[in-house]
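Work through the exercises below with the sequence and the model open. Each task is followed by a stepwise solution.

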Amino acid sequence: MTVYDHIIIGMGMSALGVIKGLSSADCKILVLDNYDNKPEFADYCDEKIAIGRLGKGGASSLWHGVISNLSNYRELENYNDDFKDNFDELYHTNDHSLFEKGYSFIPFKPLRPFSVIQSKFSQKVDIVYDKVVEYHIDVSGKVEVRGEKQKFYSNYLWICAGMVGTISLVSKSTCQFGKFTNDDHMVGYFGQIRRTDLSSDFIVKNQYTFSGHFKKFHKIKLSNNISLYVNLRPAHFEFKDIRKAASKRSFFGEESGRVIHKLINSKSPGLILEALYNKFGFSIKSKVYNITGHIEILGAMEIEVSNTYCKSKYLKSEIELSEEDIKLIKEYFKTDVFIPLKIPLSPGIHYLNSNYHFDDTIDANLCNEFTGRKIIICGGAGLKYSSPEHPTFSYYSMSFRKAQSFNKFQKGRI
Ligand SMILES: Cc1cc2nc3c(=O)[nH]c(=O)nc-3n(C[C@H](O)[C@H](O)[C@H](O)COP(=O)(O)OP(=O)(O)OC[C@H]3O[C@@H](n4cnc5c(N)ncnc54)[C@H](O)[C@@H]3O)c2cc1C
């Protein structure tokens with residue numbers, strides 16, 4: 001029987017961070033990923049919509065790669081340094097001040113951890129494709145991980161199975177069944193502004209680099225401590241009608257290849273210009289800007305787990321902004337803003353801050369607390385503070401930090 005030092009479940013962004021962090025130490029690592037390669041669905045407005053992928057690196061094989069540095073975590077010295085180092089290593093730019101000024105980075109090529117793990121780390125880790133059904137700690141203190149095909153053993157288990165996968169796996173392994181809600185950043189077209197009404201400080205240019213571009217996002221604090229995280233997007237052709245623009249809001253929430261195929265068939269000039277703006281920052285002047293991006297929605301989706309199934313469901317599909325929030329948006333842009341009465345929303349698929357009680361969560365600032373832990377949870381499920389920005393690159397950086405801290409903790413014990 002092989003007993004690994006570490007087993008890592010998943011081959012997404014969180015797993016990549018852990019693998020990179022642990023593989024610098026001399027230890028035996030097994031990486032497990034689901035053998036499936038099929039879409040993952042959730043209920044949304046009486047329909048089933050694809051929200052990710054099971055197997056082959058999960059949603060991290062579909063993400064668009066938009067990178068923000070989470071404002072609520074920037075104060076944490078270790079996290080912030082790792083974020084910067086990981087970012088520089090990939091994109092060879094060291095102008096981090098743009099993140100602090102509210103810009104996000106959109107790379108030409110999103111990082112695909114599944115391929116990176118296979119190509120860069122295959123000499124350092126064993127990779128097995130199996131679907132993990134449950135885990136438990138046996139009498140000798142080893143973690144037993146039961147896959148559909150075989151069993152595996154290790155001293156430590158790192159769960160990097162995405163939010164739905166993590167809740168499902170932890171629930172089934174600890175027999176805590178029920179309904180758990182998660183927050184999400186839901187996508188929408190929140191309003192419209194005329195160019196002539198905007199003061200020049202809001203008309204900011206994208207900043208280009210060889211590997212992608214930085215785009216300015218506005219973080220607008222609304223009531224109830226939630227934020228809008230939006231961009232001023234030049235609106236052209238049919239996108240000048242915000243209802244039409246909003247009807248296309250989930251168009252980009254899919255795998256890049258499918259988006260390109262659908263775009264070619266769409267014959268919609270407004271949509272094509274929108275896509276070029278999103279992906280490459282290519283922008284043509286317009287008299288009108290759409291305020292678009294996402295809003296933090298607390299308890300946006302529910303995951304229900306029993307011992308036989310795991311279902312996810314979106315609880316919201318539109319929002320009405322209060323008078324107070326509309327006032328806050330107008331104050332932010334220092335001008336009149338058109339805001340529709342009802343704003344349709346679609347899933348942002350950033351789920352974070354589950355109400356599930358994860359005993360094994362270690363936050364980025366609590367990395368020293370490994371004593372007695374056998375199981376460590378990473379990704380959105382391991383986040384403690386809400387932050388409105390795109391979170392995924394931070395999952396990578398935080399997982400890396402946790403794994404590095406673990407190495408130090410181990411050394412300290414020897
Ligand atoms: C179309 C789309 C666009 C997106 N764009 C962005 C963006 O621009 N910016 C951003 O910040 N975020 C974006 N996201 C969100 C982003 O994809 C997720 O936040 C990210 O993938 C989470 O990474 P993770 O490693 O925690 O989980 P995942 O990427 O979901 O990886 C989970 C891994 O665990 C494996 N797994 C799960 N259960 C089991 C099991 N029982 N046994 C074995 N293996 C298992 C999966 O196969 C997978 O390998 C987007 C998502 C989608 C779908």
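**Exercise 1. Sort the shell around the ligand by class, then locate it.**

Step 1. The shell around the ligand holds 17 nonpolar, 19 polar and three charged residues. Ala, Val, Leu, Ile, Met, Phe, Trp, Tyr, Cys and Pro count as nonpolar, Asp, Glu, Lys and Arg as charged, and the others, Gly among them, as polar.

Step 2. The model is predicted: local features need pLDDT of at least 70 and side-chain atom pairs count only at pLDDT 80 or more, while totals for chains, interfaces and linings use all residues. Residues are numbered from 1 along each chain as its sequence is written.

Step 3. Gly10, Gly12, Gly58, Gly162 and Gly379 come nearest among the 39 residues around the ligand. A residue is near a molecule if its C-beta atom, placed from the backbone, lies within 6 Å of it.

Step 4. Elements that each supply at least two shell residues include helix H1 (13-22), strand E4 (47-54) and helix H5 (162-174). Helices (H or I, at least four residues) and strands (E, at least two) are DSSP runs, numbered from the N terminus.

**Exercise 2. Describe the sheet that contains E12.**

Step 1. The strand order in this open sheet of three strands is E5-E12-E11, and the pairing is antiparallel. Two strands pair if DSSP finds at least two bridges between them.

Step 2. Strand E5 (103-107) and strand E11 (207-208) are the edges, each pairing on one side only.

Step 3. E11 and strand E12 (residues 212-216) are joined by two bridges. Tyr208 has His213 in E12 as its bridge partner.
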